[in-house]
Amino acid sequence: MKYTPVIGLEVHVELKTNSKMFCRCSADYFGKKPNTHTCPVCLGLPGALPYPNKKAIEWCLMIGLALNCEISLFSKFDRKNYFYPDLPKGYQISQYDEPFCKNGFIDLSNKKRVGIRRVHMEEDTGKLIHEGNSTLIDFNRSGVPLVEIVTDPDFESAGEVVEYLKKIQQIVRTLGVSNADLERGDMRMEPNISLKNEGQKELPKYRIEVKNINSFKLVDKAIEAEIDRQTQNPGQRFQATMRYDEKTNTTVTMRLKEEAADYRYFPEPDIPPFHWQQAYIEKLKKDAKVMMDKPSEEEERTQELLIKFSPISPVSAATIARDPKFYSSYGGTASIGKDEFGTPYQGTANAIINQKVPLVGISDEERAKIIADLNRVSDVDEDELNKTIDEVLKENKSAVEDYKKGKENAIMFLVGQVMRMFPQKIDVSKVKASLLAKIK
Ligand SMILES: [Zn+2]
């Protein structure tokens, strides 16, 4: 009897955001002293509330867009409940039935199109460290943003899987959202493998999931070993979770597979659902396309120079580097703007990319002046500012309390509330100073 392997894949990619997914702890945990990057949120202490990381979600959407996914305009987080020592809350915040992205695809060199079932956002767990007879737990990784990419069971060989994985690695690196460093565990892979009889149309009724592999070479070996095992033991095809043992080059059963229902998924009550505006998705789509379009060598050099010499976002740098009109306007204006008019570089980049200023037909000086006006911080009447601050403080007593208890972020929330009350752009540092003076 001849068999065709049926292989699907789940990949976890760790994002390189500054902070964790639901708290403000630094996500740069690798090699740091254990349990130094923790707070009540990522330690799962009672009463701590999660606060989603906007950048991480944006990057998850960008990954989905680069993988040709649809972005659902409605989405939400769910709790995935299970008990394990590396999961302090007793549940992981993940996404169940409304992932951020779904129905994408990626093409392989043999012209095969692999379906991307979903791309969703979740949080990483802590790390268990086994030492002699004891096990230690490091929660520095707990709550680090993790994107899970799930394919349809469209692969037929380990070679196809490895090619796909290299593409995913390249995509997240090109987007600038993950280092995708396998040795550091930035990418963790779980292939699922079953066999189909020759001519069989429907998918097999079972699948073997091989857990947590973190190298392309081992994915290749694990898949080959599992295909061998199933081919030689037709009676041993069952639903299970296994691990790959490198020493013996075999797969070893860990447990019979849990069904989704075992996790008792339910909507995360502490995070409201998301409703995206189509315009926001279109903007991200444009950004992802700019980042994914292979730049010419010259464009790439320009892009690197822009990032090096003027602190603008990678997407802005790529957009400017790839459009000669943007580039010549920005090149002339940015230096003048910064020197004479104090316009921040990103402000200049935004004005040019969004074409808030003529790109041709005026001099660099004239353009710089317009941009400076667009970015100008208006003077604000002291009395008016004080009155507004008093109102904001009265209406946001809990944020004031939070700040007094040591929650530094609360002050930026209050600054935002004050800024909102003014139609014109006002000086952030002045607002912050006045607020602090009143709170203390
Ligand atoms: Zn934390």
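Ile 71 stands opposite Cys 101 in β6. The two strands concerned, β2 and β6, pair in the antiparallel sense over two bridges. Strands count as paired if DSSP finds at least two bridges between them. Helices (H or I, at least four residues) and strands (E, at least two) are DSSP runs, numbered from the N terminus.

This is a predicted model, in which local features need pLDDT of at least 70, side-chain atom pairs count only at pLDDT 80 or more, and totals for chains, interfaces and linings use all residues. Residues are numbered from 1 along each chain as its sequence is written.

### Domains

The protein is divided into domain 1 (3-267), domain 2 (294-375) and domain 3 (382-439). These bounds come from an automatic or database domain assignment. The C-alpha centres of domain 1 and domain 3 lie 41 Å apart.

### The sheet

Nine strands form an open sheet with mixed pairing, in the order β2-β6-β7-β10-β1-β11-β12-β13-β14. β2 (70-71) and β14 (250-256) stand at the edges with a single partner strand each, so one side of each is left without a neighbour in the sheet. Strands of a sheet pair through backbone hydrogen bonds, either parallel or antiparallel.

| Strand pair | Bridges | Facing residues |
|---|---|---|
| β6 and β7 | six bridges | Phe 105 and Gly 115 |
| β7 and β10 | seven bridges | Ile 116 and Thr 151 |
| β1 and β10 | five bridges | Glu 10 and Val 150 |
| β1 and β11 | 11 bridges | Glu 10 and Glu 190 |

Glu 10 has Val 150 opposite it in β10, and its bridge partner in β11 is Glu 190.

Strand β6 covers residues 101-107. Five residues lie between the strands in the hairpin of β6 and β7, where Lys 111 takes a positive phi near 75°. Strand β7 (residues 113-123) is mostly covered, with nine of its 11 residues buried. A residue is buried if 20 or more other C-beta atoms lie within 10 Å of its own, exposed if 12 or fewer, and partly exposed in between; C-beta atoms are placed from the backbone. Strand β10 spans residues 145-151.

### Helices on the sheet

Helix α3 (residues 216-232) lies across β1 (3-14), β11 (187-197), β12 (208-210), β13 (240-245) and β14. It runs at about 25° to β11. Axes are lines fitted to C-alpha atoms, for helices over the stretch in contact, and angles run from 0 to 180 degrees between N-to-C directions.

### Further helices

Helix α6 (residues 314-321) is mostly covered, with seven of its eight residues buried. Among them are Val 315, Thr 319 and Ile 320.

Two packed helices are described by the angle between their axes and the distance between the axes. The axes of helix α8 (residues 345-353) and helix α9 (residues 364-375) come within 10 Å and cross at roughly 110°. α8 and α9 are therefore roughly perpendicular to each other, a label for angles of 65 to 115 degrees. Gly 347, Thr 348 and Ala 351 in α8 meet Ile 371, Leu 374 and Asn 375 in α9. Contact requires C-beta atoms, placed from the backbone, within 7 Å. The residues of this contact divide into three nonpolar, three polar and no charged. Ala, Val, Leu, Ile, Met, Phe, Trp, Tyr, Cys and Pro count as nonpolar, Asp, Glu, Lys and Arg as charged, and the others, Gly among them, as polar.

Note on methods. Contact = placed C-beta atoms within 7 Å. Parallel < 35°, antiparallel > 145°, perpendicular 65-115°, else oblique.
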